[in-house]
Amino acid sequence: MTELPYSRCVAAVLRFSKIQHIMDEMISTEREYVRSLSYIIQHYFPEMERLDLPQDLRGKRSIIFGNLEKLCDFHSQYFLTDLESCAHSPLSISICFLKHEQFGMYALYSKNKPRSDALLTSHGNSFFKNKQLELGDKMDLASYLLKPIQRMSKYALLLKDLIKECGQSQEQELADLRTAQEMVRFQLRHGNDLLAMDAIRGCDVRLI
């Protein structure tokens, strides 16, 4: 059996170290993401039940928060566990993305986001500001509600980094990672497409 040259051995070790670092970042940021979603549900959802809730916010929980509760359930109960199970085999992470149809929920979250933003700007920010001050939090609710959008972009970046470090000899792993990356990018595009369709429906100008 021919031994690998020392330089190639060092390069392989460095590549594995980088891959492991990317995986560790994927898992640590996923845990933080789940904590953030749970934080919103724990502290801000109950505000919608208050007797002094402004009239314009009554019955508008689904507009303000979209499907965030379903996203939290998916990530806390399934996806985080899947990622953690791949902690020591980073290049098998693609299956975590490809086996779940729930990522389609992100396009719906993106589609609802402008309605949420508009309602918060017109009536919600001042009301929820009191809760933010009570919690002593530097971040407002609007910043927390941006996290699902940011998270999908983060997945795309981390998968891109894994693909970059994946050896060309690992053809199957490379193909699977690219498929996972394309799925994430598709969901990001799909959310934008749904927004564009809504904008066209709300446009009075006839397109000839």
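Modeller: Let us begin with contacts. Beyond its neighbours within four places in sequence, Leu-188 is in contact with Met-152 and Ser-153. Please bear in mind that this is a predicted model.

Biologist: In which helix does Leu-188 lie?

Modeller: Leu-188 belongs to helix H8, which covers residues 171–201. The C-alpha atoms of Leu-188 and Gly-104 are 9.6 Å apart, although 84 residues separate the two along the chain.

Biologist: Why does Leu-188 count as partly exposed?

Modeller: The class follows from relative accessibility: buried means under 20% and exposed over 50%, with partly exposed in between. Leu-188 counts as partly exposed because its relative accessibility is 27%.

Biologist: How does one read the span of a helix, and what does helix H5 span between its end C-alpha atoms?

Modeller: One compares the span with that of a straight helix. For 31 residues, a straight helix would span 45 Å at 1.5 Å a residue, whereas H5, residues 105–135, spans only 29 Å between its end C-alpha atoms.

Biologist: Where is the kink in H5 centred?

Modeller: The kink is centred on Gly-124 and amounts to about 70°.

Biologist: Turning to pockets, how many residues line the largest pocket, and which lie nearest its centre?

Modeller: The lining has 10 residues, and Arg-15, Phe-16, Ile-19, Leu-91 and Gln-170 lie nearest the centre. The space within this largest pocket is about 160 Å³.

Terms used:
Residues numbered from 1 in each chain as written. Predicted model: local features only at pLDDT ≥ 70, side-chain atom pairs only at ≥ 80, totals over all residues. Heavy atoms only, no water. Helix = DSSP H or I, 4+ residues; strand = E, 2+ residues; numbered from the N terminus. Expected span 1.5 Å × (residues − 1). Bend = angle between axes of the 7 residues up to and from the residue. Buried < 20%, exposed > 50% of the residue type's maximum accessible area, 1.4 Å probe, protein only. Contact = heavy atoms within 4.5 Å. 1 Å grid on protein atoms, 1.4 Å probe; cavity = no way out; pocket = protein on both sides within 12 Å on 5 of 7 lines; lining within 4 Å. Points joined across faces, edges and corners; volume = space filled by probe spheres on them.
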